[in-house]
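I opened a new model today and kept notes as I went.

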Amino acid sequence: MGLLLRLRETHEETERIKQYTAVGTDVGCAYCGESNYIPVRMDIENNFKCVVCEKENSVYVDITVARTTDIKSTRKSVKVNTNEESVSDDSRE
Ligand SMILES: [Zn+2]
């Protein structure tokens, strides 16, 4: 009995954490343009009702991919900044 109750509690806690980590964003209503703060989730449709005109909006999540900063190209400048003696060595290359 006790174990079953504990498992149930753990499950509910997990569900609660999922809610906390949900990402929210401000979007403009497609009808009146009013800004609405809505939670954005990848596992469900993110429809919302506008707080002003109460019309139903559909949300489409657009994912953008970008290159992360090239670590090799920044490493050299970090070395120059932290060790002044190596500056002359680098400039000879
Ligand atoms: Zn609206």
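My notes go from the whole chain to single residues.

**Ground rules.** I am reading a predicted model, where local features need pLDDT of at least 70, side-chain atom pairs count only at pLDDT 80 or more, and totals for chains, interfaces and linings use all residues. Residues are numbered from 1 along each chain as its sequence is written.

**Whole chain.** I looked up the elements first. The chain has 3 helices and 4 strands. Here helices (H or I, at least four residues) and strands (E, at least two) are DSSP runs, numbered from the N terminus. Along the sequence I read α-β-β-β-β-α-α.

Next I checked burial. A residue is buried if 20 or more other C-beta atoms lie within 10 Å of its own, exposed if 12 or fewer, and partly exposed in between, with C-beta atoms placed from the backbone. Of the 93 residues, 1% count as buried.

Then I turned to contacts. Two residues are in contact if their C-beta atoms, placed from the backbone, lie within 7 Å. Among contacts with a separation of 6 or more, 9% come from residues 24 or more positions apart.

How many bridges join β1 to β2? I found 6, between residues 23-28 and residues 35-40, and the two strands run antiparallel. Strands pair if DSSP finds at least two bridges between them. The hairpin has 6 residues between its strands. In the turn, glycine 33 shows a positive phi of about 85°.

**Threonine 25.** I placed threonine 25 in strand β1. Its C-alpha atom is 5.5 Å from that of tyrosine 37, 12 residues away along the chain. Leaving out residues up to four places away in sequence, threonine 25 touches Ile38 and Val40. Is threonine 25 buried or exposed? I noted it as exposed, because 12 other C-beta atoms lie within 10 Å.

**Lysine 49.** Lysine 49 sits in strand β3, residues 48-49. I counted 12 other C-beta atoms within 10 Å, so lysine 49 is exposed. What does lysine 49 contact, leaving aside neighbours within four places in sequence? The entries are Glu54 and Glu56. I also looked up isoleucine 38, 11 residues from lysine 49 along the chain; their C-alpha atoms are 9.5 Å apart.

**Glutamate 54.** Glutamate 54 is exposed, because 10 other C-beta atoms lie within 10 Å.
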